[in-house]
Every structure is written in C-alpha cells, then in structure tokens.
Amino acid sequence: HRRPTGRVASAVGGAIVASVLDDGFAPGFMATGEDWSYAKSSERPDRPLSNAQLAVLTTRSDRAGFLQLGLQYSQILTGALLIAGTGMFGRMLGTCLMGFGLVTMGHCAQHECVHNTAFRTRRINNAVSWLVSLPRLTNPIWERMLHKDHHTYTNDPARDPEIMAGSPANAVPGD
C-alpha cells in the first residue's frame with residue numbers, strides 16, 4: 001500500500017519545525033505552521049480552553065453516565081414498542097428511533113468510554129464500551145488503539161488512521 005507523501009518534519013533545538021504537509025494541509029490551526037501533532041494538548045499554544053474550563057467539562061460521573069446510557073436504551077425500547085404495536089407511521093418512526101438510538105449508543109457511548117470519560121471509573125468505562133460495541137460488532141480495544149492514533153496525528157493524512165482509511169492509497173488492495 002502506498003501512503004501519502006510530503007511529510008517533512010524535523011527536530012531542531014528540541015522543537016518540531018514546519019513541514020510541507022502542515023503548511024499546505026492545515027493552515028489556521030497554528031499561524032506559524034509548526035507541526036503540533038507531537039505536542040501534548042496541555043502544551044499546545046492554540047488551546048481554546050483554559051485548564052479551569054477543561055476541569056469543569058471533563059468531570060466524570062457514574063450517575064451522569066448511567067443516566068445518559070439509560071436514555072439511549074429508553075430511546076431504543078421506545079422504537080421497539082412503536083414497531084411492535086402501531087400502524088405504518090408508528091413502525092417507520094419506531095425504526096428511525098431505534099436505528100438512531102443504536103447508532104448513537106454504539107458510536108457516541110463507545111467513543112466516550114474509549115476516552116474513559118463517560119463514567120468515573122475505568123472499570124465501568126471498559127464494561128460499558130464492550131456492551132455498547134456489541135450492536136455494531138466492533139471491538140473497543142481496537143477502537144481505543146485506532147482512536148489514540150487519531151488523536152495523536154489528527155488531520156495528518158499520512159498518519160491519522162481515520163483519514164488514511166478513506167485514502168485513495170488504501171482503496172485498491174495490493175496497489
């Protein structure tokens with residue numbers, strides 16, 4: 001498989017300097033154009049939120065996590081009841097509710113659990129990530145590894161697996 005080319009990043013004096021890819025692909029994230037994909041989030045000069053704002057937004061709660069999960073299951077159950085006990089319009093509405101509930105629970109709940117932010121403890125995040133992954137037939141361990149690389153190399157076509165998956169270089173097996 002061919003990978004996109006053009007990345008020219010080098011360390012100079014302990015800092016990662018501008019690359020051809022960064023200048024051409026993501027101008028605006030950083031006016032100076034340096035390669036920020038190696039920087040810890042807390043060290044990035046372009047962070048839009050302060051530490052105090054992040055602390056409020058990232059407070060983990062089992063109660064809030066289970067409430068959200070319960071609401072998602074309620075949506076799926078409501079869809080199932082509409083499908084089972086109503087006319088054509090109710091079945092169509094129920095199918096939409098149930099389908100949307102399964103997709104959002106499968107993606108959003110898994111995403112937050114992979115980040116260990118849906119619940120207070122890692123143990124509950126892991127258990128729920130497996131539970132909500134079942135309808136999508138996905139493996140949360142694989143998703144966690146893939147997502148870590150995505151956040152490490154966000155929007156870098158040569159290294160971000162969520163972009164590389166749709167890359168023309170990956171479209172034809174054996175190319």
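This is a predicted model: local features need pLDDT of at least 70, side-chain atom pairs count only at pLDDT 80 or more; totals for chains, interfaces and linings use all residues.
1. Helix H3 runs over residues 62-85. Its 24 residues reach 34 Å from the first C-alpha to the last. That is close to the 34 Å expected at 1.5 Å a residue.

2. At the start of H3, look at Ser 61. One of its side-chain oxygens comes to within 3.3 Å of the backbone nitrogen of Arg 63.

3. Which residues of H3 are buried? They are Gly 65, Leu 69, Gln 72, Gln 75, Ile 76 and Gly 79. The cover over them includes helix H4 (88-114) and helix H5 (122-133). In an α-helix there are 3.6 residues a turn, so residues three or four places apart point the same way.

4. Gln 110 sits in helix H4. Is this residue buried or exposed? Gln 110 counts as buried because its relative accessible area is 3%, under the 20% cut-off.

5. The side chain of Gln 110 makes a polar contact of 3.0 Å with that of Arg 136. Another polar contact, of 3.1 Å, joins it to the side chain of Thr 138. Beyond its neighbours within four places in sequence, Gln 110 is in contact with residues including Met 105, Val 132, Asn 139, Pro 140 and Glu 143.

6. Trp 130, Ile 141, Trp 142 and Met 145 make a nonpolar surface patch of about 460 Å². Helix H6 (residues 140-152) gives the most to this patch, with three residues.

7. Trp 130, one of the patch residues, belongs to helix H5. Trp 130 is partly exposed, with a relative accessible area of 40%.

Definitions and conventions. Residues are numbered from 1 along each chain as its sequence is written. Side-chain values use heavy atoms; hydrogens and water are left out. Helices (H or I, at least four residues) and strands (E, at least two) are DSSP runs, numbered from the N terminus. The expected span of a helix is 1.5 Å times one less than its number of residues. Buried means under 20% relative accessible area, exposed over 50%, partly exposed in between (1.4 Å probe, protein chains only). Contact means heavy atoms within 4.5 Å. A polar contact is a pair of N or O atoms within 3.5 Å; within protein, one must be able to donate a hydrogen and the other to accept it, and residues adjacent in sequence count only if both atoms are side-chain atoms. Patches are made of residues with over 30% relative accessible area and no salt bridge: like charges are joined within 9 Å, nonpolar side chains (Val, Leu, Ile, Met, Phe, Trp, Tyr) within 5 Å. Accessible areas come from the Shrake-Rupley method with a 1.4 Å probe; for residues, only the protein chains shown count as cover. A salt bridge is a side-chain nitrogen of Lys or Arg within 4 Å of a carboxyl oxygen of Asp or Glu.
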